[in-house]
Amino acid sequence: MTSLLKILLLPFSWLYAAVLAMRNWLYDRGWKPSTAFPEVPVLSVGNLRVGGTGKTPHVAWLVAWLQARGQRPALLSRGYGRRTRGYRLATAADSAATVGDEPWQQFGQFGGVVPVVVSEDRVAGIRRLLAEVPALTAVVLDDAYQHRRVRPAVNILLTEQQRPFYRDEVLPAGRLRESRVGAARADAVIITKCAPDLTVIAQAGITQQVRRYARPEVPVLFSAYDYGAPVPVPGTAAGRMTAPMSGAEVVLLTGIAQPGPLLAHLAAAGYRVAHHARFADHHAFTPAEIAALAAQCQPGQCVLTTQKDAARLQEPALAASVADLPVFYIPITVRFLADGEARLVALLAPYFPLPAVG
């Protein structure tokens, strides 16, 4: 966006921010209802900015930590991009089309052991989830920072190192969903997609900027991505061949908001991207697009993609299109810098005490 266009759009941003500020003020004073759930701790993960800030891998980190602590968590999101409506508990018969690409990815990632639910009305969704799965001990809300109708026990705000909320403006002049002061609701702020070697001095500078908006006692943490070896996408020809090694020439397929970090990883790992088929976040691939992708894939090459995109490639309507295409996804896990993990655990642990020994 050019500087002139941004200036022209600022009055509209101020108007939008004012409307959202009034909405938040009504919630803060209890004049709009907000529901807490004393039955189980509700952990919310979200952001202020439109677009990818790394919610899905951070949600996966939370779920894995809860499982390791002996808890029985469930995941709840609205199911963005799905073609269904209302409450839906994911099963093996579902797909990205019925529950959304991120919930479907999460369902597969945790082997169906962790209940994954989609519901536009999160209050009703949590109530029904608790009734249907009474053994639950935690609910993790994905992308619910602006969903004020639920009052979570812990509110985790994510923001990217390269696109921090404190340097952005509210829509349409910027990419913020609400004003920067919304950071005051956070119980923890995680700076995501950091360079693994981010210096202590740089972290201190970022923390100082965040503290202009977040509460002074709120921990400011830093996380980076760890990329795994390519994994064959089920239903594609990748299962019949060896995964590409460093130095291989590949075709890249992405339908995510920020493919830059993945491109940087592939370059650092020695892969050569011969063609990048880039689509918008949550894009629903068509057979024609897969055919065009296959035409770009030369003999000896394979297709690399993200785990979220892989979830959409497994749509039944695409089965014939991808069957002979060698597609691998690059798994991502979150790693906290310095003592970030210990500080986050210190925040969460009081809600999930370990069982007494003896």
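The legends below describe close-up views of a predicted model. Residues are numbered from 1 along each chain as its sequence is written, and side-chain values use heavy atoms, with hydrogens and water left out. Because the model is predicted, local features need pLDDT of at least 70 and side-chain atom pairs count only at pLDDT 80 or more, while totals for chains, interfaces and linings use all residues.

**View 1. The open sheet has nine strands.** The strand order is S3-S4-S2-S5-S1-S6-S7-S8-S14, and the pairing is mixed. At the edges are strand S3 (88-89) and strand S14 (332-336), each of which pairs on one side only. Strands (E, at least two residues) and helices (H or I, at least four) are DSSP runs numbered from the N terminus; two strands pair if DSSP finds at least two bridges between them. Strands of a sheet pair through backbone hydrogen bonds, either parallel or antiparallel.

**View 2. Strands S7 and S8 pair in the parallel sense.** Strand S7 covers residues 188-192 and strand S8 covers residues 220-227, with three bridges between them. Ile191 stands opposite Phe222 in S8.

**View 3. The largest pocket has a volume of about 820 Å³.** A pocket is an open set of points on a 1 Å grid over the protein atoms alone, where a 1.4 Å probe fits, with protein on both sides within 12 Å along at least five of seven lines; lining residues have an atom within 4 Å of a point. The volume is the space filled by probe spheres set on the points, which are joined across faces, edges and corners. The lining has 41 residues, and Gly52, Thr56, Glu102, Asp281 and Lys308 lie nearest the centre. Helix H4 (101-109) gives the most to the lining, with five residues.

**View 4. A binding site listed by UniProt includes Arg49 and Val50.** The unreviewed entry also lists Gly51, Gly52, Thr53, Gly54, Lys55 and Thr56; such annotations may be inferred rather than shown by experiment. The lining of the largest pocket includes Arg49, Val50, Gly51, Gly52, Thr53, Gly54, Lys55 and Thr56.

**View 5. Arg49 lies in the loop between strand S1 (42-47) and helix H2 (55-68).** Arg49 counts as buried because its relative accessibility is 12%, where buried means under 20%, exposed over 50% and partly exposed in between (1.4 Å probe, protein chains only). Beyond four places in sequence, the contacts of Arg49 include Glu160, Asp168 and Gln258; contact means heavy atoms within 4.5 Å.

**View 6. Val50 is in the loop between S1 and H2.** Val50 is partly exposed, at 24% relative accessible area. Not counting residues up to four places away in sequence, Val50 touches Leu171, Arg175 and Arg177.
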